[in-house]
Amino acid sequence: MLDYCVIIPAHNEAQYLPNLLDSLTQQALLPKQVIIVNDNSTDQTEAIIDRYAKDFSWITKVNSRTGVSRLPGSKVVAAFEKGFKEINQPFDIIVKLDADLILPKNYFEKITSVFLDNPNAGIVGGFAYEKEGTEWKLNHPMDKDHVRGAFKAYRKECFDKMNGLRCSIGWDTMDELLARYHGFGIVTVPALKVKHLRPTGSSYSKKAKYMQGQAMYKMRYSIGIAFLSMAKVSWKQQKPRYLWDSMVGYVASFFDKTERAVTKEEGKFIRSYRWKNIFQKISGK
């Protein structure tokens, strides 16, 4: 069986963190190490981490001050990177988890077996479920071959080839495109139902939507790919304003000459891959 280490960025997660840590400590296959990055928390997050670290030797706390903004992207990756530097155990799989999850007890037992059975798998994960009334319902607005940023498991070789995560909004799309660029695949496991306790996008603002457009510019999407991608999300979410805000972000990034997050060669691959997917969906293949 493969060994795995987990990094959990946590900013004011006292309401949710015990649920995640309970589900981690009850895994059929335990991690070699769990690093929890206490990112400038002002609630009881640190005390909770200390309590679990006292009871479980493989749980470690790292205090950090990367900021308190709830905008997705660079801050969570910066916290992840701080945690990554503190890993001192050998591992085959590196995992990034949000603090507001509950994992099934067989989650990592299954994830590691998927990596073993699929030598080409670079990123593996289950599906997110959110509570509606008394029922847990699937919440997966992206394509079925996408692993949500809340629970990413990376094969070490893939992670190293990608040179880690890009410190930018859209990092959890970039990583999968870069994994494919380096010849790795993405595997989702529908049977692994992850309970997501905080509704997706509940803390995203107009600025976050603007930054989604910026992220597509940084990934070197053409304006046509960016428009089609954001129109799809806008239509699925029934939020016309999303398309406008995100396109403003893309166009503004062009005129501001925002620094790209991928190389020209990576960008060329990304555009080719995206157009191929678009044409396949149009043709129904």
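1. The model is predicted; local features need pLDDT of at least 70 and side-chain atom pairs count only at pLDDT 80 or more, while totals for chains, interfaces and linings use all residues. Residues are numbered from 1 along each chain as its sequence is written, and side-chain values use heavy atoms, with hydrogens and water left out.

2. Overall dimensions come next. The radius of gyration is taken over C-alpha atoms, and the globule rule is 2.2 Å times the number of residues to the power 0.38. For 285 residues a compact globule would have a radius near 19 Å, and the protein chain agrees, with 19 Å. Along the principal axes, the C-alpha atoms of the protein chain fill a box of roughly 55 × 40 × 40 Å.

3. The protein chain has 10 helices and nine strands; these are DSSP runs (helices H or I, at least four residues; strands E, at least two), numbered from the N terminus. Contact means heavy atoms within 4.5 Å. Of the contacts in the protein chain between residues at least 6 apart in sequence, 78% join residues at least 24 apart.

4. Accessible areas come from the Shrake-Rupley method with a 1.4 Å probe, and for residues only the protein chains shown count as cover. The protein chain has an accessible surface of about 13,800 Å², and 52% of this belongs to carbon and sulfur atoms. A residue is buried under 20% relative accessible area, exposed over 50% and partly exposed in between (1.4 Å probe, protein chains only). Buried residues make up 51% of the 285 in the protein chain. Cys 158 is buried at 0% relative accessibility, whereas Cys 167 is partly exposed at 38%.

5. Glu 176 belongs to helix α6 (residues 171-181). Is Glu 176 buried or exposed? Glu 176 is buried, with a relative accessible area of 4%. Apart from neighbours within four places in sequence, Glu 176 contacts Ile 123, Asp 145, His 146, Val 147, Lys 152 and Ile 186.

6. Rings of Phe, Tyr and Trp (its six-membered ring) pair if their centres lie within 6.5 Å; planes under 30 degrees apart are stacked, over 60 edge-to-face and the rest tilted. The whole structure holds 13 aromatic pairs. One of them, Phe 80 with Phe 159, is tilted, at 6.1 Å centre to centre and 55° between the planes. Phe 80 lies in helix α3 (residues 74-84) and Phe 159 in helix α5 (residues 156-161), so the pair ties together parts 79 residues apart in sequence. Phe 80 is buried at 2% relative accessibility, and Phe 159 is buried at 5%. Phe 80, Phe 84, Phe 91, Tyr 154 and Phe 159 form one aromatic cluster.

7. Helix α9 (residues 240-256) has 17 residues and should span 24 Å at 1.5 Å a residue; its end C-alpha atoms are 25 Å apart, which agrees. The expected span is 1.5 Å times one less than the number of residues. Buried residues of α9 include Tyr 242, Leu 243, Met 247 and Tyr 250. Just after α9, Lys 257 takes a positive phi of about 55°.
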